[in-house]
Structures are given as C-alpha cells and as structure tokens.
Amino acid sequence: MADRRRVYEFWKGNNIFLFNGRVILGPDARILIVAILMFTGPSVIFCIFVARHLVHKFPAYNAGYAILVVSIVFTIYVLALLLFTATRDPGIVPRNLHPPEVSESDRSVAADIGMHFPRAKEIMVNGMPVSVKYCDTCMLYRPPRCSHCSRCDNCVEKFDHHCPWVGQCVGKVCSSTCHFAA
C-alpha cells in the first residue's frame, strides 16, 4: 500500500504546521505574539484612558461612542490581517525527493564547469527565453522570481522578504494581503 502521509508530516523545511497542515507558521512564530501585543497594547490603552473620556465630551450624535467603536473595529481588522498573513502558505515550492534528470546539453555544460547540475538554464515560456536557477537544497530549478529563504529553508514563489513581525515569508500568496493591509 502507498504511503498515505500528508506532505506536512515529512516536511524538511523549518515551518510549523498546525490543524493537520491547514495552518502554516514560519520558524520564528513566537514573534507573532509580540506583534499582536504591539498592536493591541496601544489600542487597549487608548480605549481605557482616552476614548472612555471622549464618550462624555462629545455627547451630540454619540461621537464619542463612534470614536471608540471605530478604534476597536480597526484594531480587530489589523489583527485579522496580521493573523491571516502569518498563517498562510506564502507560496512554497515543494522540494523534490530526488535531483532532476539532466539532459545531454545540460550534462555537457555541467561537465565543462565541473558541476553535477548547471547553475542556470534557459527555458521557453510563451515563446520567450527565461533563465531559471537551480536550488541545491530543494533539488529543483526554481521558477522565475522564486528565491530560497534561509530562515524558512524553502523556495518561495515571488519571494519578497522574510518578515520578522509575522515570522513568515512574504511571497506569492500573501503579498496581496500585505499590500491590502498597508
């Protein structure tokens, strides 16, 4: 019978998986708690020491309550986007279990420079030549704009950076969330 384990169960990267692989966190997920406290702390202080006095100073049209509600809604919105960004797959390219097959032309190029695999090769995408690089750790030729994150130990599509505040890479999947949050 075939091995029925899910990919996250034998993952070689540094990520943390929760809820049967539905939630993926970066290797430094504890910093997420600090980021949540940094967002909620000032909001709680504002609600306790400032907004509660504004309720009594602006009784007309309940403007004081509106300020309090808006600050609470914005805090919840920012926290939801933070958690959404921190717990999603950033676009990790799955590793190969074995190195890819080397074609004859690639084998001659690799032999000339004394390597097993050529560092880069050109492929045709929509009739245009595109250079792709080989990742020794993941044993694959990375797609364009894909980079290897040394913190997560994964190749990530459209890799932008490893965000220290969410403890996760910002890549293909969560870049739209991050831009929306900004």
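A: Helices here are DSSP runs of H or I with at least four residues, numbered from the N terminus. The model is a predicted one, and Val44 has its place in helix H1, which covers residues 31-57.

Q: What makes Val44 partly exposed?
A: The relative accessible area of Val44 is 45%, and since buried means under 20% and exposed means over 50%, with partly exposed in between, Val44 is therefore called partly exposed.

Q: Which residues make the nonpolar surface patch that includes Val44?
A: Val44, Ile45, Ile48, Phe49 and Val50 make a nonpolar surface patch of about 450 Å².

Q: Why is H1 called roughly antiparallel to H2?
A: The axes of H1 and helix H2 (residues 63-86) come within 9 Å and cross at roughly 175°. Because angles over 145 degrees count as roughly antiparallel, H1 is roughly antiparallel to H2. The contact between them is made by residues including Leu32, Phe39, Phe46 and Val55 of H1 and Tyr65, Ile72, Leu79 and Ala86 of H2.

Q: How many helices and strands does the protein have, and in what order do the elements run?
A: The secondary structure comes to four helices and ten strands, and from the N terminus on the elements run β-β-α-α-β-α-β-β-β-β-β-β-β-α.

Q: What share of the protein is made up of buried residues?
A: Of the 182 residues in the protein, 32% are buried, a term that stands for under 20% relative accessible area.

Definitions and conventions: Residues are numbered from 1 along each chain as its sequence is written. This is a predicted model: local features need pLDDT of at least 70, side-chain atom pairs count only at pLDDT 80 or more; totals for chains, interfaces and linings use all residues. Side-chain values use heavy atoms; hydrogens and water are left out. Patches are made of residues with over 30% relative accessible area and no salt bridge: like charges are joined within 9 Å, nonpolar side chains (Val, Leu, Ile, Met, Phe, Trp, Tyr) within 5 Å. Accessible areas come from the Shrake-Rupley method with a 1.4 Å probe; for residues, only the protein chains shown count as cover. A salt bridge is a side-chain nitrogen of Lys or Arg within 4 Å of a carboxyl oxygen of Asp or Glu. Helices (H or I, at least four residues) and strands (E, at least two) are DSSP runs, numbered from the N terminus. Buried means under 20% relative accessible area, exposed over 50%, partly exposed in between (1.4 Å probe, protein chains only). Axes are lines fitted to C-alpha atoms, for helices over the stretch in contact, and angles run from 0 to 180 degrees between N-to-C directions. Angles under 35 degrees count as roughly parallel, over 145 as roughly antiparallel, 65 to 115 as roughly perpendicular and the rest as oblique. Contact means heavy atoms within 4.5 Å.
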